[in-house]
Every structure is written in structure tokens, then in C-alpha cells.
There are 2 protein chains.
Amino acid sequence: MIQPPDESQALAALSALSESTRLRILRFLVARGPQGAPAGEIGEAIGFSSSRGSFHLGVLARAGLVTATKSSRQVIYRADTVAIGALMGYLINDCCGADPQIVACCSPAAACRPQGES
Amino acid sequence: MIQPPDESQALAALSALSESTRLRILRFLVARGPQGAPAGEIGEAIGFSSSRGSFHLGVLARAGLVTATKSSRQVIYRADTVAIGALMGYLINDCCGADPQIVACCSPAAACRPQGES
DNA sequence: TCAACATCTCAAAAGGTATTGAGATATGAT
DNA sequence: ATCATATCTCAATACCTTTTGAGATGTTGA
């Protein structure tokens with residue numbers, strides 16, 4: 001059954017993505033693939049203290065963009081690509097009515113101009 | 001020349017989108033198409049005072065997601081579909097490495113499960 | 001058991017964001 | 001000129017977010 005995330009889920013996800021540390025974490029985890037990475041390693045790669053990392057990873061997890069699974073004394077975080085895809089689908093199709101100009105930008109080879117550039 | 005929005009632009013746009021009133025405004029304006037709508041009409045449709053509307057429309061405009069053009073005594077706002085598309089492209093391709101599972105969700109017929117649902 | 005490790009929680013401080021209502025500004029009509 | 005209209009600005013208030021450092025919790029290995 002096709003069911004988009006509801007608005008409040010989408011808002012939580014967008015809010016989670018709108019912070020530079022968290023965007024970097026997500027980039028890192030997507031690049032890692034299904035294997036994910038433990039909190040400490042993410043912190044070392046990106047550069048933040050354990051409490052700061054815990055805070056940001058918690059925001060991402062509560063927003064549903066990453067999953068956290070305990071593995072002995074570590075916590076492995078993984079990007080939830082299905083959730084991320086659902087957010088994209090919500091934005092493109094539900095919020096933007098699948099506007100062709102917007103949809104066109106989503107393919108890897110898309111030639112979309114940056115915002116506010118001539 | 002293909003050039004994605006830079007990170008700070010993307011963050012401003014994501015932050016602008018992560019508020020329910022503004023997401024509604026954008027939905028409304030995308031549905032309106034290139035004709036756009038004056039501030040007052042958006043406020044009536046969505047339900048907010050002029051000062052609140054001015055604040056939120058300003059956030060969207062500063063983030064580059066909408067354009068504002070003065071037309072006699074009204075200000076016409078329009079969704080900037082190129083900028084919105086560029087944001088989508090940035091998220092999908094630059095942040096998420098064009099992960100196939102994420103890209104798959106962007107077509108209108110995509111069957112993506114919502115975040116956090118079984 | 002004890003020490004080291006990985007992560008989380010908590011409270012304080014600083015800064016950012018949203019809402020409200022009053023009022024300023026500018027345009028168009030009488 | 002005067003008035004109504006459309007929008008923006010401003011200051012006050014309330015609330016939310018981020019960072020920091022200290023320390024709590026739970027896990028593994030000696």
C-alpha cells in the first residue's frame with residue numbers, strides 16, 4: 001500500500017536535515033550503506049563530542065531518518081534509505097504536485113540551476 | 001553548467017520547509033503555478049495575519065524557494081520550481097549519493113513506505 | 001572485582017524562531 | 001487631499017534548539 005509519511009513526520013525529518021552537523025552525519029551514513037557505523041566512529045569522522053553526537057544522532061533517529069541498533073557496547077547507526085526516499089516522495093509528489101520542473105531535477109544527470117543564481 | 005546549491009543554501013531551504021505554515025504556503029504556491037498569488041490571498045487561503053504572513057513569506061523568499069514581485073500595491077509570490085528542484089537534486093544526488101532506493105521514491109508512482117511504519 | 005570503554009543523560013547558558021498587536025509605508029480610488 | 005487597501009516593520013513575549021561539561025549507565029576484558 002502506497003502511503004506517504006504524514007506532515008508531522010515530514011516536518012520532523014526536514015527539521016532534522018536543516019542542521020549542518022546532522023546533514024553531514026546523514027551523508028556519511030548513506031555513503032556507509034547498510035553496514036552503518038557506530039556512534040563513536042561517526043563522531044571521529046565528523047568531529048564532535050560524545051554528548052553532542054548523541055544529541056544529533058537522537059534527533060535523526062527520532063525523525064526516522066536513521067536507525068539505531070545496539071551491538072554489545074556500541075550503537076550502530078544506519079541511514080534509513082526507505083524513510084529518506086519516502087520523504088523525497090512526499091516533498092516531490094504530495095507537496096509539489098509532481099511538478100515536472102521539480103521532478104526533472106531528481107535524476108543524477110539533472111541540469112538544475114542553483115537557487116538564486118542568474 | 002550544472003551546479004548544485006551549496007550547503008548553506010540547502011540548509012536555509014530545509015529550515016524554511018520545516019515549518020507547517022510555510023510548507024502549506026509552498027504547497028499552495030506550487031499548485032498556483034507560474035501565476036502565483038498575492039500575499040493577502042495566501043493569508044486568506046491558509047489563515048494567518050498579515051504580519052505573520054509577511055514573516056513566513058520572507059523566510060521562504062530569503063531561502064530562495066519563492067520569488068516576490070511587486071505589482072502595484074500587491075506583492076505577488078510565486079514558487080520557484082527551479083530552486084525547489086535544485087534542492088531536491090542536491091539532497092538526492094549530493095547528500096544521498098543517488099542511492100537507488102532513494103531515487104526510486106521520486107517518481108509519482110513510487111511505492112515507498114512511510115518512515116517508521118512496519 | 002576493577003578498570004577502560006562506548007554511549008547516554010542532565011542542567012545551565014546562549015542564541016534562534018514564532019506569534020502578537022500596534023503602527024509605519026506606499027499605492028490607488030474618490 | 002483624504003481614505004481605504006495591501007503589505008511590511010518593530011518590539012515584546014514565549015518557546016525551542018544547540019553546545020558544553022559533568023557524570024550516570026552499561027559492557028567487555030584482565
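The model is predicted: local features need pLDDT of at least 70, side-chain atom pairs count only at pLDDT 80 or more, and totals for chains, interfaces and linings use all residues. Residues are numbered from 1 along each chain as its sequence is written, chains are lettered from A and ligands numbered from 1 in the order in which they are written, and side-chain values use heavy atoms, with hydrogens and water left out.

## DNA strand C

A residue is near a strand if one of its heavy atoms lies within 4 Å of it.

Which parts of the strand face the protein? Of the atoms of DNA strand C within 4 Å of the protein, 63% belong to sugar or phosphate. The rest belong to bases.

Helices (H or I, at least four residues) and strands (E, at least two) are DSSP runs, numbered from the N terminus. Four such elements each supply at least two residues of the surface near DNA strand C: α3 (39-46), α4 (50-62) and β3 (74-79) of chain A, and α4 (50-62) of chain B. The largest share, four residues, comes from α4(B).

The surface near DNA strand C holds five nonpolar, eight polar and five charged residues. In this scheme Ala, Val, Leu, Ile, Met, Phe, Trp, Tyr, Cys and Pro count as nonpolar; Asp, Glu, Lys and Arg count as charged; the others, Gly among them, count as polar.

## DNA strand D

Sugar or phosphate accounts for 61% of the atoms of DNA strand D within 4 Å of the protein, and bases for the rest.

Here α4 of chain A joins α3 (39-46), α4 and β3 (74-79) of chain B, each with at least two residues of the surface. α4(A) gives the most, with four residues. By class, the surface near DNA strand D has five nonpolar, eight polar and five charged residues.

| Residue | Protein atom | DNA atom | Distance |
|---|---|---|---|
| Ser50(A) | side chain N or O | base nitrogen, DNA strand C | 2.9 Å |
| Ser54(A) | side chain N or O | phosphate oxygen, DNA strand C | 3.3 Å |
| Tyr77(A) | polar side-chain atom | phosphate oxygen, DNA strand C | 2.7 Å |
| Arg52(A) | side chain N or O | phosphate oxygen, DNA strand D | 3.2 Å |
| Ala39(B) | backbone N or O | phosphate oxygen, DNA strand D | 3.1 Å |
| Val75(B) | backbone N or O | phosphate oxygen, DNA strand D | 3.4 Å |

## The sheets

Strands of a sheet pair through backbone hydrogen bonds, either parallel or antiparallel. Two strands pair if DSSP finds at least two bridges between them.

Chain A has an open sheet of three strands in the order β1-β3-β2, with antiparallel pairing. β1 (37-38) and β2 (66-71) of chain A stand at the edges, each with a single partner strand, so one side of each is left without a neighbour in the sheet. β2(A) and β3(A) pair over six bridges. Thr67(A) stands opposite Arg78(A), and Val66(A) stands opposite Ala79(A). Two residues lie between the strands of this hairpin, where Ser72(A) takes a positive phi near 50 degrees.

Chain B also has an open sheet of three strands, antiparallel, in the order β1-β3-β2. Its edge strands are β1 (37-38) and β2 (66-71), each pairing on one side only. β1(B) and β3(B) are joined over two bridges. Ala37(B) partners Tyr77(B), and Pro38(B) stands opposite Ile76(B). β2(B) and β3(B) pair over six bridges. In that hairpin, Ser72(B) takes a positive phi near 50 degrees.

## A helix pair in chain A

Helix α1 (residues 7-17) and helix α5 (residues 81-95) of chain A pack at an angle of about 110 degrees, with their axes 10 Å apart. Axes are lines fitted to C-alpha atoms, for helices over the stretch in contact, and angles run from 0 to 180 degrees between N-to-C directions. α1(A) and α5(A) are therefore roughly perpendicular (65 to 115 degrees).

Contact means heavy atoms within 4.5 Å. α1(A) contributes Glu7(A), Ala10(A), Ala13(A), Leu14(A) and Leu17(A), and α5(A) contributes Leu87(A), Tyr90(A) and Leu91(A). Seven of these residues are nonpolar, none is polar and one is charged.

Note on methods:
A polar contact is a pair of N or O atoms within 3.5 Å; within protein, one must be able to donate a hydrogen and the other to accept it, and residues adjacent in sequence count only if both atoms are side-chain atoms. Angles under 35 degrees count as roughly parallel, over 145 as roughly antiparallel, 65 to 115 as roughly perpendicular and the rest as oblique.
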